[in-house]
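Look at the structure below before reading on.

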Amino acid sequence: MAASREPALAGSVDDIERAAAAETQTATFGMGCFWGPDARFGAMEGVVRTRVGYAGGTTPDPTYHALGDHTEVVQVEYDPEQLSYDDLLDVFWANHAWASASPKRQYRGVVLAHDDGQRQTAQRRRDALEAETGQNVATAVETLDTFYTAEDYHQKYELRSTPVVGDELDAIYGDAFADSTVTARLNGFVAGHGDPERRAVLVDALDLPESVLEELRRRF
Ligand code: MHO
């Protein structure tokens, strides 16, 4: 039977311990295939949790193979004492193709604001980008209606598809795999994001089977 709790950290990983204790805020972005931004945001200190899903459309209960008019999005829960919404928008604008409209609605660039404040901030950034570059921004700024969580196999895809590590962690974490701060970081780290020193610190603090740790060390 799958476990549903996170294994304890053997050492102290301040970033993750602080993040896990935080009162979070949430941001939602469409920026192409959601696997990439899931990893990119997950590697950032101050990010507490990530999940991928479908939003921005009207079709009820979308799935990956029946998306309707929805878009692939990443949802980022973050500690507002460590990161601002503007910090996340820096990453958002720098890491998707905002200058041209995606031919598929599935992959369009979109900010799905959770409240008026986010919407105004995102719109201000969009206006500034147009002013700075003189280019038309295809990416939309809208208000989030319903977020539908994607299938498990899409959550932390980079980590899940890492040989040895993915299967082992899936078995160990069980239901906690998708919601864990540790797996969010590892998902980003195996995709090449994050600082090498922080990666090493995390691996040293993980209370996991030696086969997993060895494989992670080999990658970091
Ligand atoms: N080009 C990707 C799309 C996956 S993403 C979840 C693939 O099929 O490999 O849309």
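The domain bounds used here come from an automatic or database domain assignment. For this protein, which is shown as a predicted model, that assignment gives domain 1, residues 2–152, and domain 2, residues 156–219. The C-alpha centres of domain 1 and domain 2 lie 21 Å apart.

How many residues of domain 1 are in contact with domain 2? There are 29 of them, and they are in contact with 30 residues of domain 2. The size of an interface is often given as the accessible area lost when the parts come together. Here domain 1 and domain 2 bury about 2,400 Å² between them, and 55% of that area is on carbon and sulfur atoms.

The interface can also be described by its polar pairs. Between domain 1 and domain 2 there are 13 residue pairs in polar contact. Two salt bridges are found across the interface of these domains. Separately, Glu45 forms a salt bridge with Arg198, and the closest N and O atoms of this pair are 3.0 Å apart. On the side of domain 1 that touches domain 2, at least two residues each are supplied by helix H1 (14–20), helix H2 (35–42) and strand S2 (47–55). The residues of that side divide into 15 nonpolar, five polar and nine charged.

Now take the protein as a whole. It has nine helices and six strands. The count of salt bridges in the protein comes to 14.

What remains is the overall size. Along the principal axes, the C-alpha atoms of the protein fill a box of roughly 50 × 35 × 30 Å. What radius of gyration does the protein have? The value is 18 Å, which agrees with a compact globule, because a compact globule of 220 residues would have a radius of gyration near 17 Å.

Definitions and conventions. Residues are numbered from 1 along each chain as its sequence is written. This is a predicted model: local features need pLDDT of at least 70, side-chain atom pairs count only at pLDDT 80 or more; totals for chains, interfaces and linings use all residues. Side-chain values use heavy atoms; hydrogens and water are left out. Contact means heavy atoms within 4.5 Å. Buried area is the accessible area (1.4 Å probe) that two parts lose on being put together, summed over both. A salt bridge is a side-chain nitrogen of Lys or Arg within 4 Å of a carboxyl oxygen of Asp or Glu. A polar contact is a pair of N or O atoms within 3.5 Å; within protein, one must be able to donate a hydrogen and the other to accept it, and residues adjacent in sequence count only if both atoms are side-chain atoms. Helices (H or I, at least four residues) and strands (E, at least two) are DSSP runs, numbered from the N terminus. Ala, Val, Leu, Ile, Met, Phe, Trp, Tyr, Cys and Pro count as nonpolar, Asp, Glu, Lys and Arg as charged, and the others, Gly among them, as polar. The radius of gyration is taken over C-alpha atoms; the globule rule is 2.2 Å times the number of residues to the power 0.38.
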